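We will go from stop to stop, with a note on what to pick next.

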Amino acid sequence: MGILEDLFGGGQRQQDYTDFVNRYEQGHPAEGYSDAEVVDRYREVAHAVPPNDYAQAAQAALARLSPEERAEFVRLLQDRVRARGAALPRPVEPDPGQLGQVLTDLHKTPGRLRDLLGGGSAPPQAATSSPLGGLFASPLAKAALAGITAMIVKRVMQGPNR
C-alpha cells in the first residue's frame with residue numbers, strides 16, 4: 001500500500017500525518033518538528049502526487065511566509081544553486097506562485113530540491129557544525145519543505161473534491 005492509500009485509509013500513519021499538518025498550522029512553518037521528520041515526510045509524499053498538485057502545494061506553503069521571508073528564501077535558493085555551479089530553471093521573484101513553480105521545476109529531478117535546501121546529503125558546512133545542528137540551510141528551507149509536505153497531505157486527505 002502506498003502513502004496516498006495510507007492517508008485515505010486511516011490508522012496510525014494517517015494520524016501521524018494529521019498531527020504533522022496540525023503542528024505546521026499552529027506556529028511558524030519552520031517550527032514544531034525536527035529536520036529529520038520534515039525530510040522523511042517530504043520524501044514520502046513529494047513524488048506521490050502529480051506535478052500540478054505539487055505546484056499548488058508549493059504555492060500554498062510559500063504564501064504562508066511573509067514577503068520578507070520569501071525574498072530571503074529566494075536569495076538562499078539562488079545562492080545554493082550558484083554554489084553548485086548551476087542556475088535556477090527560470091528567473092524568480094518572491095511571489096508565491098512564481099516561486100512555487102520554480103520549486104516544482106527543481107522538484108522534477110528527484111532529490112534535487114531537498115539537496116539544494118540542505119535536506120539530502122548534508123552540505124559541507126553542516127559536516128563541521130555541531131552534531132545537534134540542523135540538516136537545513138536555514139529555517140526558511142525547512143519551512144518550505146514542511147509546508148509543501150503539509151499542503152500535499154491536506155489536499156490528499158480532503159479527497160478529489162478539494
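Which residues of helix 2 are buried? Select Tyr17, Phe20, Val21 and Tyr24; buried means under 20% relative accessible area, exposed over 50% and partly exposed in between, with a 1.4 Å probe and protein chains only. This is a predicted model, in which local features need pLDDT of at least 70, side-chain atom pairs count only at pLDDT 80 or more, and totals for chains, interfaces and linings use all residues. Residues are numbered from 1 along each chain as its sequence is written, and side-chain values use heavy atoms, with hydrogens and water left out.

Now look down the axis of helix 2: its buried residues fall within an arc of 95°, so they line one face of the helix. The arc is that of the directions from the helix axis to the C-beta atoms. On the face turned away from the buried side, pick the exposed Gly11, Gln12 and Gln26. Helices are DSSP runs of H or I with at least four residues, numbered from the N terminus.

Next, show Arg41 with Tyr17: the charged end of Arg41 sits over the ring, 4.6 Å from its centre. Arg64 lies over the face of Tyr24, at 4.5 Å from the ring centre. Such a charge has NZ of Lys or CZ of Arg within 6 Å of the ring centre and within 35 degrees of the ring normal.

For the last stop, select Tyr42, buried at 2% relative accessibility, and Tyr54, buried at 0%.

How values were computed: Helix = DSSP H or I, 4+ residues; strand = E, 2+ residues; numbered from the N terminus.
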